[in-house]
Amino acid sequence: MPPDPNRGLGAFDIITPMPTPAIHLQDLCKTYVVSEREAGVGAALRSLVHRRTQEITAVDGLTFDLAPGEVVGFLGPNGAGKTTTLKMLSGLLHPTGGDCRVLDHLPWKRERAFLRQITLVMGQRNQLVWDIPAADSFDLNRAIYRLPLADYRRTLDELTDLLDLGPLLKKPVRNLSLGERMKCEIAAALLHRPQVVFLDEPTIGLDVTMQRRIREFIAEYNRRSGATVLLTSHYMADVEALCRRVIVIHRGKLLFDGDLSDLVQQFTAHKTIVLQLEDCQANLHAYGEVISCEDGRFTLRVPKAETAHVTERLLADLPVIDLLVEDPPIEEVIERVFTQAVP
Amino acid sequence: MRAWIELYVQQFRTTFATMLQYRASLVIWMISQVLEPLVYLIVWSTVSNGSGGSVGSYTARDFAAYYLVLMIVNQITYTWIMYEYEYRIRQGYLSFALLKPVHPIHSDISDNLSSKLTTLPLMLIVVAGLALIFRPTAVFIPWAVLTFLPALVLAFLVRFFVEWTLAQAAFWTTRVSAINQVYFVLMLFLSGQIAPLSLFPAPIQIAADILPFRWMLGFPIELLLGRLSPLQALAGLAAQAAWLVASLVLIRFVWRAGVRAYSAVGS
């Protein structure tokens with residue numbers, strides 16, 4: 001109901017309105033029915049008569065919201081249900097339970113108004129026509145999305161500039177390197193300026209420099225367009241650089257939803273202390289677990305609660321030149337999250 | 001409307017650019033399109049020469065006319081969607097198509113038309129060359145030639161929609177080639193491909209009238225060659241129109257069901 005402008009504020013009125021989420025999931029589930037049989041001719045013949053099927057739950061009751069303009073990292077080991085979730089959100093898969101809405105559309109209906117506002121980039125699949133230059137595929141996308149020529153040119157210029165596509169656009173796609181192709185794929189997926197961007201492993205297989213380029217581009221695109229981005233990646237550097245918030249799933253279930261820094265706090269019981277000593281032969285086993293030592297540079301692992309105490313003792317007892325307390329690398333944290341989750 | 005034209009024009013450019021990359025395979029494909037009817041033509045000419053100059057109402061030169069027109073009609077109406085669809089589904093290309101705000105059939109239609117526009121001139125040259133060798137009878141009745149054009153368009157549409165619908169089988173089975181094989185055998189005998197339908201026994205002719213195959217290939221050929229009465233021509237056009245409507249209804253139904261199955265399982 002629209003608010004009545006003549007009515008004064010009541011005691012129970014909410015003054016700051018909650019923004020409608022760009023992406024909304026409520027108990028979202030996806031179960032696949034797969035037929036299974038054992039290896040061998042006998043089993044093959046038996047399966048002709050009686051096909052055994054098994055239900056596999058890929059996504060098991062996911063609930064979360066993304067606000068417009070957010071960039072969120074979507075993490076989980078292989079088979080956790082990330083891609084299945086992205087496919088449901090982009091309308092390729094029909095949920096078997098629960099509810100999901102993207103920009104207030106039910107994705108599986110694949111309404112044109114919805115499809116015009118979203119994009120899905122799959123790092124392991126290509127939409128560009130293999131044998132012709134990317135520029136030609138871009139033109140085709142312009143016609144498909146019915147983009148006005150002026151808008152299209154402006155967007156293309158911007159993308160060309162940001163992704164450094166200039167020299168690539170005229171070459172047949174099959175002659176491009178993996179990284180160059182990925183840049184063109186991403187550009188093709190963004191020509192219609194989608195408000196919601198799903199990125200499934202956009203940097204997979206790319207070298208470190210190219211990963212960084214793509215990462216910087218995604219951040220810049222988000223800044224300029226205000227698009228909501230949900231991103232999966234196995235490279236934690238992507239997630240650290242782009243996402244303040246991460247959603248971690250495992251076996252289709254939500255494990256964690258919050259700030260990346262909180263994830264580190266919540267799932268690490270240890271800190272590492274790196275110290276440089278004058279005495280290269282010192283024995284530090286009394287202070288904590290020694291992970292490495294070379295040329296007087298020691299790396300210790302200590303329980304988080306004892307960090308302050310151990311540091312104090314180290315400084316008091318030993319000729320310390322330099323000391324540094326660090327959180328373990330994010331890869332290690334994520335690994336812990338998954339191993340802890342396994343029952 | 002302008003947006004549609006633009007879509008078709010862009011798809012034409014894409015297809016054309018792709019085809020230029022595959023000139024050699026295009027020629028090979030073309031040779032097979034010519035060779036098969038050419039073999040039937042030679043066989044039937046030999047048979048008719050050997051059996052007193054004609055088989056049924058066809059002399060050797062009538063057979064030449066029939067098969068040369070068949071080459072052109074087949075070139076215009078054939079599709080390759082049934083070979084392609086399974087690959088498209090298994091490799092996940094269909095997902096990209098489903099993410100786009102247009103029905104994927106449009107890109108298939110324009111892809112088909114653009115490919116035809118590029119290869120048809122070549123086919124006409126080949127047929128003209130063959131005409132010099134086989135000296136077909138050429139008696140054209142003006143009204144029949146005029147009716148041939150709508151019949152050809154309808155044949156293209158019916159064949160395209162029927163084969164597009166059949167291609168959707170890939171949503172449910174991995175044994176698409178078996179289904180295709182059955183289809184091609186029916187096509188071979190009931191469309192007028194292996195022999196003009198009037199040479200078949202009556203039961204087969206009745207089956208051919210009921211089924212869609214004749215209306216996708218044989219009917220326009222017979223019409224152009226003046227072998228049909230005005231009434232038969234009219235009935236044929238009506239049958240084509242009926243199959244067009246039926247195939248459109250079917251295509252909608254099968255496509256929806258197919259996408260539902262696809263979105264249950266994914267790729």
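Biologist: How many bridges join strand β3 of chain A to strand β8 of chain A, and are they parallel or antiparallel?

Modeller: Four bridges link β3 (residues 71-75) and β8 (residues 245-250) of chain A, and these strands run parallel. Two strands pair if DSSP finds at least two bridges between them. Strands (E, at least two residues) and helices (H or I, at least four) are DSSP runs, numbered from the N terminus. One pair of bridge partners here is A:Gly73 and A:Val246, the latter in β8(A).

Biologist: What kind of model is this?

Modeller: It is a predicted model: local features need pLDDT of at least 70, side-chain atom pairs count only at pLDDT 80 or more, and totals for chains, interfaces and linings use all residues. Residues are numbered from 1 along each chain as its sequence is written, while chains are lettered from A and ligands numbered from 1 in the order in which they are written.

Biologist: What is the mean pLDDT of chain A?

Modeller: It is 87, and 93% of the residues of chain A reach 70 or more. pLDDT is the predictor's confidence in each residue, from 0 to 100.

Biologist: Where does pLDDT stay under 50 in chain A?

Modeller: Over residues 1-9 of chain A. The model gives that stretch zero contacts beyond four places in sequence. A contact means that two C-beta atoms, placed from the backbone, lie within 7 Å.

Biologist: Back to the sheets. What is the strand order in the open sheet of six strands in chain A?

Modeller: The order is β5-β6-β7-β3-β8-β9, with mixed pairing. Its edge strands are β5 (118-122) and β9 (253-259) of chain A, each pairing on one side only. From one strand to the next, the twist averages 15°. Angles run from 0 to 180 degrees between N-to-C directions, and axes are lines fitted to C-alpha atoms, for helices over the stretch in contact.

Biologist: Which strands does helix α2 of chain A touch?

Modeller: Helix α2 (residues 82-89) packs on the sheet and touches β3, β5, β6 (196-200), β7 (228-232) and β8 of chain A. Its direction makes about 155° with that of β6(A). Another helix, α9 (residues 260-267) of chain A, lies across β8 and β9 of chain A, at about 120° to β9(A).

Biologist: And the open sheet of four strands in chain A, what is its order?

Modeller: The order is β11-β12-β10-β13, and the pairing is antiparallel. The twist averages 20° from one strand to the next. Six bridges join β10 (residues 270-277) of chain A to β13(A). A:Ile273 has A:Val325 of β13(A) as its bridge partner. Helix α10 (residues 307-317) of chain A lies across β10, β12 (297-303) and β13 of chain A, running at about 170° to β13(A).

Biologist: How many helices and strands are there in chain B?

Modeller: Chain B has twelve helices and two strands. Its radius of gyration (taken over C-alpha atoms) is 20 Å, close to the 18 Å that the globule rule gives for 267 residues, so chain B is as compact as a globular protein of that length. The rule is 2.2 Å times the number of residues to the power 0.38.

Biologist: What is the radius of gyration of chain A?

Modeller: Chain A has 25 Å, whereas a compact globule of 343 residues would have near 20 Å. Chain A holds eleven helices and 13 strands.

Biologist: Last topic. Where is A:Asp104 found?

Modeller: A:Asp104 is in the loop between β4 (97-102) and α3 (112-115) of chain A. Its phi is near 65°, a positive value in a residue other than glycine.

Biologist: Is A:Asp104 buried or exposed?

Modeller: A:Asp104 is exposed, with 11 other C-beta atoms within 10 Å.

Note on methods:
A residue is buried if 20 or more other C-beta atoms lie within 10 Å of its own, exposed if 12 or fewer, and partly exposed in between; C-beta atoms are placed from the backbone.
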